[in-house]
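Me: I would like to learn how to read the sheets, helix contacts and pockets of a model. Can we go through one together?

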Amino acid sequence: MSDARSVTLHGRTYQLPKKPTVIICVDGFDPEYLEAGIAAGILPNMVKLMSEGFRATAQCSMPSVTNANNVSIITGAPTAVHGIATNYFLDRATGKETMIVDDSLVRGSTILAEMTARGVRVAAITAKDKLRKILQRGLDQSHAVCYSTQLASEEVLAWLGHDARPDQYSAELSLYVLEAGVKLLREGRADLLYLTLSDYVQHKYAPHEPEAQQFLATIDRRIGECLQLGAVVAVTGDHGMSDKSDADGNPVVLYVQDELEKRFGPGCARVICPIADPFVVHHGALGGFVRVYVPDAHAAHVPAMAEYIGAFDKVQVALLKAEAASRFEMPLDREGDFVIVARENAVLGSKEAEHDLSGLKGHRLRSHGGLSEQSIPLLLSIPVRNVEYQGREWKNYDIFDIALNSQ
């Protein structure tokens, strides 16, 4: 149970912060970006975290998409517990395809909300406004700051010293989040900060490209400022990122619904891409994981459909509903009839006519969603000494645990 010095949520106990504590979720933080930045000598503060604190390679929740993993991080639990295993889904009750843009489907509380209930001053700042309504779930507004840079108010922009909101597709959308975190620390206005970024840069640029390295170097400088201000800093990601193009730069895609309808007939299934969100220009809603919903008239064909599509060379695995929910710790009652996971160098779509790839504009397709994008760094500025952590298989949603319980 919680006491005056801790909160307990979903069976895990978190100590209240003894020092200002900053949790940073770098959207699309594939380990290759960290490795490339270290090799280039542009990430001195992350290197400091690794040498003086703690480092591990953790696994994210499946599918490896933004909503599922941000909610896992702020609840310290897999999607089977909090209920959000997608950005986009088919509502079986209404038959409507629905984008998750608020907290109405979240089950239970969050670490942030429980902390504000104990008087901890929480700041939850996101690049993407779609996450704001999730992050602010249950927050005691008298102890919290919560907004998105995507829709930042004039007052917030003036406070940051900017004249206008950053473009939705820009590095600045994320960098303004970190600027705000540093400023809140400097002004002594927050005890626990959750700063979650956008993966626009990682979708567009590979780890070795100058734009990606400049972006990571700026993040590193902000981490350094947080350290200088006396904060405990923890860094992870919501998912990784992989190149999904062939040698000629063309996307490697399997349009699942098109293939199923060729074999089993029109209307046999509806394929939903969980990566879909309001930021689709840089990936065209193509990712490494899809859900397949089959109408009652075709229900008997579900096993055959899964077996058929699982034999394609772009597919790593196709799993029926119960097996997928069990293997990936996803909520069974919100699962499709079967799921498909792409191989590392490929993506999955629904129908070719539904995906607009014009936004790639000559760039190679880089995306996520599958098992190949599960690995992400887990970094902390102080050592982790809890003996229970020895030999542990780390998840990105362990980050509040190690950051708060290692102080």
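Reply: This is a predicted model.

Me: What does V315 stand opposite in β16?

Reply: Strands of a sheet pair through backbone hydrogen bonds, either parallel or antiparallel. In this pair, V315 faces A342 of β16.

Me: What is the strand order of the open sheet of 4 strands?

Reply: The order is β13-β14-β16-β15, and the pairing is antiparallel. At the edges are β13 (270-272) and β15 (315-320), each of which pairs on one side only. On average, neighbouring strands of this sheet are turned by 20° against each other, direction ignored.

Me: Which helices should I look at beside this sheet?

Reply: One is α11 (residues 256-264), which packs on the sheet and touches β13, β14 and β16. The direction of α11 makes about 165° with that of β13. Another is α13 (residues 321-328), lying across β14, β15 and β16 and running at about 110° to β15.

Me: In which sense do β3 and β9 pair, parallel or antiparallel?

Reply: Strand β3 (residues 21-25) and strand β9 (residues 192-196) pair in the parallel sense, over 5 bridges. Within this pair, V22 stands opposite L193 of β9.

Me: How do I read the packing of helix α8 with α10?

Reply: Two packed helices are described by the angle between their axes and the distance between the axes. For α8 (residues 172-186) and α10, the axes come within 10 Å and cross at roughly 10°. The cut-off for roughly parallel is under 35 degrees, so α8 is roughly parallel to α10. Residues making the contact include L178, V182 and R186 of α8, and F215, R222 and E225 of α10. By class, the contact has 7 nonpolar, 2 polar and 4 charged residues.

Me: Which residues does E225 contact, leaving aside its neighbours within four places in sequence?

Reply: E225, in helix α10 (residues 210-228), is in contact with V182 and R186. E225 and L185 are 40 residues apart in sequence, while their C-alpha atoms are 9.4 Å apart in space.

Me: How does α2 cross α10?

Reply: The axes of α2 (residues 44-52) and α10 come within 7 Å and cross at roughly 60°. That angle makes α2 oblique to α10. Among the contact residues are P44, M46 and L49 of α2, with L216, I223 and L227 of α10. This contact divides into 7 nonpolar, 2 polar and 3 charged residues.

Me: What lines the largest pocket?

Reply: The largest pocket holds about 240 Å³ of space. Of its 16 lining residues, F89, L90, D333, R334 and E335 are the closest to its centre. β5 (88-91) and β14 (289-293) each supply at least two residues of the lining, and β5 gives the most, with 3. The lining consists of 8 nonpolar, 2 polar and 6 charged residues.

Key
Residues are numbered from 1 along each chain as its sequence is written. This is a predicted model: local features need pLDDT of at least 70, side-chain atom pairs count only at pLDDT 80 or more; totals for chains, interfaces and linings use all residues. Side-chain values use heavy atoms; hydrogens and water are left out. Two strands pair if DSSP finds at least two bridges between them. On a 1 Å grid over the protein atoms alone, a cavity is a set of points where a 1.4 Å probe fits but cannot get out, and a pocket is an open set with protein on both sides within 12 Å along at least five of seven lines; lining residues have an atom within 4 Å of a point. Grid points are joined across faces, edges and corners, and a volume is the space filled by probe spheres set on the points. Ala, Val, Leu, Ile, Met, Phe, Trp, Tyr, Cys and Pro count as nonpolar, Asp, Glu, Lys and Arg as charged, and the others, Gly among them, as polar. Contact means heavy atoms within 4.5 Å. Axes are lines fitted to C-alpha atoms, for helices over the stretch in contact, and angles run from 0 to 180 degrees between N-to-C directions. Angles under 35 degrees count as roughly parallel, over 145 as roughly antiparallel, 65 to 115 as roughly perpendicular and the rest as oblique.
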